Amino acid sequence: MLSWGLRALGAVSAARHSRFSGILSKLTNLLSRGRRNNQPCTLTTSSSSMSQSASTRHVLSWALFWRNYLLGQNNVGSRTPFQGTPEWVTLEVLHGGFASGAHLAGGPLRPFENTLLQEYHAVLERDLASDRLRLNRFFLTDMGREILSRHMTEGTYRIAVPEEAAILSVLLLEQKNDVSAVERILDAITPWMDRLRFYPEFCPSPPAISVNEVFRQSVGDVRSTLHTCADTKPNDRRHQHYMDVTAMMPLFDELVGLFSESVKPTEPKPYFESVDGEEQKVEGGWPCQVYPPGWADRMRSCLDRIKKECAARRRPVNRHSFRYLIEVGGKAVENPAKLSGKEVGRIRFYLAGIAEKRGLPDTDSCRRKREKHRFVPNGTERATVAKVLLARIAHESEHDGLTNPGAFLGPLSDSETSNPFIRGRAPMSSLDRLVRMATKGSLETLMNEGLIPSGEVLATLLPRVAATRTTDDPVLERLYLSTYTAFRSRRSLLLLNYQRQIQFSELPWAAALEAHTLPGTDTAPLILSRVARLFLKAFPEQITPNKLVTELQNLFKNAGREELLLEELAADIFMGDFGLKFSIAARQAIRRLYRTVYGRYYKLPSPGELPQISASPKNADVCGSPRQFGQQAFLGSIVRGRIDTSGNYVVVNGKQIEQAQILTTHNLLALFDVAGLDAADLETMISTTLKRIDSMANQATSASLRWQLRLIICKNVAYAWRQVVFYFAQLEMLEERTKIEELLRSGRSGVTRKLLKDLALCFEPNVGAVPNPLLGWTSQKHWLMTPVIDDVDMAEINQAYFSANQIVES
């Protein structure tokens, strides 16, 4: 999809103004309703306008991107896609890494800014270009500085984008007499004061800032979603069904019960009986034979209530059987003698059918059925429960999490709702999980609660944990952590030509704040070990996502370690070579794994075949083409010699990237060194990954899934299997032969048994015919997409492993 987008951009670039003038005109008209600035054209973003729906904002954002690109204002693939816009400005980045041109710290004034304008209207400068410039200038005056200083000291501010910390940083650095840093910051932000917001939002209480407790969503985020649920209109069909169940069914049961009472007490109620196992006939007594005292009055009352209910709902009775019973019930009230034998027989037939389907009224089967129907959710039930939950969390801090969310999820009481069908019941599972998303606790607590389903989600929680800078000034610490957390929420740009994403230290005020802090060398190693262990044990089959790589690299840096972490590269925009840090990581991995089962299975080159590298790891993580490092950046040439170059360019790029991940272990070695895992942990990780491989392999053979999705599943299976091979190599180095033997016999499906059999052959150092390793990228149909016959016997695995061990022992 991304490669198609880049080709489309190239095609559009060839005829920007001639063929697309009509499109430009339409885009301009569309954006006229959502425009923010003029150079480049911007629009209302999600953070600055609540009146636009999410879909409308999405359409306008893409319209803005295409307009700026057609006008030549958007340089796709650059760190600074808009000329004149510095790299520290937070851009709105769309799916795929494309910058729309909107500034997240700009646009229309937000509600809190309008409040500031009204509150300080009398003291604001009047003859200025924009209201935002008036506010920025105000907070640099003595009065504004006093207000900001008070909120900064009390911690009652919230930073949503990094720019909002700029003036706060100026005030703090002035207190520390860092005049040169103040001048650099003011020189950078002054030209942008009329467009961007350099002051924070004030709040009544300090937002939670803790490296030990995190939460996925704040109480304010949960409230916003609950408000949406509470405002949802009910589905007409579901609501009609709900009304049928709650209002009409009890009346129908009463009507059927009255006809059932008219059967002679000495005879059984009507029922169906099979004849010769096929046909059914009605047996039992006949209705309308006896009428207990008051029967006519009760029938008349029941019919009147049915008539009133139908009139109130403006809808007649739809079911033919009940409509007929209402009709003959009216005749029976007037004069039972007028009922014909045909009518009585039909009533008897309907009673037998009702008895067979759910049971006649006052029977256990009917009561169970109606009890089940009592809790049929309608369109208003979810909205009612959402309103109750909003009331329960109304007094919680908007910018904090919930330490004990279960306290807000108890059954609904009589005082909270009058609806008998939800009273006394706990909130439905969807709203229960929504509230639990605000759970506040340690990473381990959230993992145990099932609130961290992937490494990507884990990465979103790490900025507070990973910002392990130390200082004796609590005001500086809060400002630094708030700025760092806001910066990590920025989305990554699509970059070409070996460029690197914007770093936190490139923000003028962030670099100045870092200069007054120290790396947390005491806590960083412990946090690094904790996070690495947590990720590997929870997601042993996943490779490290790029967001997590960023946070882990910061932890490695603060812990004083020189390990290099590698990003996952995209096959459709791969530039055909690898930077120097990839070569350094490959050399380290090959040197340590060459003589292990990992090296034998993947046929790693000998360490002696690799060129020497003079650059230190500290200087390897730099931007620039691998050509500038010469033979030291050797990984690209080795990778190209290990693959078949047939297939389209995306497949060839994918093959190169996969081989690079094999040669470098894609961060596994670096994480394993700090995680402190033992043999028992490795055994559990291997077992867990094999089970997930079995599950994915079953999906890969499913013809009901799209072809592209099955290809992705095959790639994920190959990546997960590479992790398994690495874990086996670590067990091999720990000389855990018993555990290896047991794990090699743990395959459940044909896929894992075949893979384990091939791996068992590789435990011999001088093995001759090594099986072909499992790879995810191929230019032909992947063998995982064909069902594997489970013909691998455990004896074959044992024989392969034991023969290898005998050679090792001899």
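This text walks through a predicted model of one protein chain, from its overall make-up to a few local sites.

The protein chain is built from 32 helices and eight strands. It has 810 residues, of which 51% count as buried. Among contacts between residues at least 6 apart in sequence, 73% join residues at least 24 apart.

Helix α7 covers residues 166–175, and eight of its 10 residues are buried, so the helix is largely enclosed by the rest of the structure. The buried residues are Ala 166, Ile 167, Leu 168, Ser 169, Val 170, Leu 171, Leu 172 and Leu 173. They pack against several elements: the helices α5 (131–138), α6 (142–154), α8 (179–189), α19 and α20, and the strand β3 (157–158). After α7 comes Asn 177, which has a positive phi, near 60°.

The loop between α19 (474–488) and α20 (508–515) holds Arg 490. Arg 490 is buried, yet it has no salt bridge. A salt bridge requires a side-chain nitrogen of Lys or Arg within 4 Å of a carboxyl oxygen of Asp or Glu, whereas the nearest side chain of opposite charge to Arg 490, that of Glu 163, is 5.3 Å away.

What does the side chain of Arg 490 meet instead? One of its polar atoms lies 3.5 Å from the backbone oxygen of Glu 87. The side chain of Arg 490 also makes a polar contact, at 3.4 Å, with the side chain of Thr 90. Leaving aside residues up to four places away in sequence, Arg 490 touches Glu 87, Trp 88, Val 89 and Thr 90, together with Pro 162, Ile 502, Leu 507 and Lys 547.

Pro 86 belongs to the loop between α3 (54–70) and β1 (91–93). Pro 86 and Ala 188 are 102 residues apart in sequence, but their C-alpha atoms are 8.8 Å apart in space.

Helix α29 (residues 707–733) and helix α30 (residues 737–744) pack at an angle of about 150°, and their axes are 8 Å apart. Angles over 145 degrees count as roughly antiparallel, and α29 and α30 are therefore roughly antiparallel to each other. Where they meet, α29 contributes Phe 728, Leu 731 and Glu 732, and α30 contributes Ile 740, Leu 743 and Leu 744.

Notes:
Residues numbered from 1 in each chain as written. Predicted model: local features only at pLDDT ≥ 70, side-chain atom pairs only at ≥ 80, totals over all residues. Heavy atoms only, no water. Helix = DSSP H or I, 4+ residues; strand = E, 2+ residues; numbered from the N terminus. Buried < 20%, exposed > 50% of the residue type's maximum accessible area, 1.4 Å probe, protein only. Lys, Arg positive; Asp, Glu negative; His and termini not counted. Polar contact = N/O pair within 3.5 Å; in protein donor to acceptor, adjacent residues only side chain to side chain. Contact = heavy atoms within 4.5 Å. Axes fitted to C-alpha atoms, helices over the stretch in contact; angles between N-to-C directions. Parallel < 35°, antiparallel > 145°, perpendicular 65-115°, else oblique.
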